[in-house]
Amino acid sequence: MSTSRAVLLVVTYSTDARQALRNSCTTHEDVVVGRFGRAALLRESEYAAFLACRLRERFGTAVEVARTTPLNEYRDVPARVREAAAAYEDREAASTPYAKFAVGTDHPSPDAMRDAPLE
Amino acid sequence: MRATFDGRTYRGRALDLRGTDATAAEVARAVRDPDGWLRCRRPGPVHEHVGVLDGSGVNVERALAAAARSRGRVASSQAALDDVRAELDDAAPTVAGLSAARERVAETAADVERLRERVARLGGKVAALREAGADAAGVAGDHREAAAALADAETERLAAAETLERLERAAREARDERARRLRLSDRERRLARAVRAELADAVRSSFERARDALPTGPRADAFAIVRVARVRAPVALAGGPFERPARAAACLDAPVVLVGDAGADV
């Protein structure tokens, strides 16, 4: 896993927390990878963690912090899932739902994928 | 109204305190103080905007909305705004113990890791001693003890993970509810703005007419708002442009207390 590309996802759930996150992002733009309204992605570092921990201290449940990494579908996703996605995006009728599309093919059903954790 | 200031009593709809050292701020405080030296009607929301006419800026839109309310105007979206505010009155849900649960998960995982290493090390030692034909009984006892401690630690770790999972599910729900409240508070702001705009619009033409009829100057907006509003408690007017108190009360259509213009921007 390439830790240098890992990011902290910070999502806020109150107006105060949202404002504090906005302020943090404005003050520490060098840490910010992306801003999305009441959420932000921070480039992972001790400093980013420090900012996230401060928000957590102040706002508790109103702040959610997740450690995320980019998804490499060739490493993290089973081939059958990847191939199903490619085949479905290449379908002829745009209106066909995936569940119907998968019937009678080797592609996994939505339910089968839902119940299978991503290793 | 009736005022007792510096041992003198003043009565009427327009009081002239220009001869005293009373300030507009003091009058405004007295208006709000039911036990103060100024006996008068209680001030309404309009007073927050134009209770003191000392030339300081006034937010015309908000003040006009307050003036419209004082005239009994109700905006069409007021009921929707009240509903949203009532919903927002309930406290936002919080989940206690999340931080402690995360800490416990980290601690128990570290314990398991430490004990695993100890069990492996002692197991290796036992094997080496036996291979060398030496007495391994003492170390084997330590090994068994460590293995038992490891089993306990693993149970603890599982329990900690379950607790954290349960709390995270609760936090997920709390955050969904908080997300809903965030949308609601955005809606509250939009509705409040709409209510203000509608109320201000309702009295805007009266306001413009009043402004045309009143003395010009930096306080023209504030004067016109007082005139448009239904004002029962006195407004404090520092300095000019009215010479006679009765004329000020008539022009502003409100009870007034005139004070000296020291420090007023007239």
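Me: How many bridges join strand β1 of chain A to strand β3 of chain A?
Reply: This is a predicted model, in which local features need pLDDT of at least 70 and side-chain atom pairs count only at pLDDT 80 or more, while totals for chains, interfaces and linings use all residues. Residues are numbered from 1 along each chain as its sequence is written, with chains lettered from A and ligands numbered from 1 in the order in which they are written. Strands here are DSSP runs (E, at least two residues; helices are H or I, at least four), numbered from the N terminus, and two of them pair if DSSP finds at least two bridges between them. Strand β1 (residues 7–12) and strand β3 (residues 39–43) of chain A run antiparallel, and the bridges that join them number 5.

Me: Which residue of β3(A) does Val10(A) stand opposite?
Reply: Strands β1 and β3 of chain A are joined by bridges and run antiparallel. In β3(A), the residue opposite Val10(A) is Ala40(A).

Me: Which are the edge strands of the sheet in chain A?
Reply: The open sheet of chain A has 4 strands with antiparallel pairing, in the order β2-β3-β1-β4. Each edge strand pairs on one side only, and these strands are β2 (32–36) and β4 (63–68) of chain A.

Me: How many residues does the contact take from chain B?
Reply: Two residues are in contact if their C-beta atoms, placed from the backbone, lie within 7 Å. Chain A gives 8 residues to the contact, whereas the number from chain B is 10.
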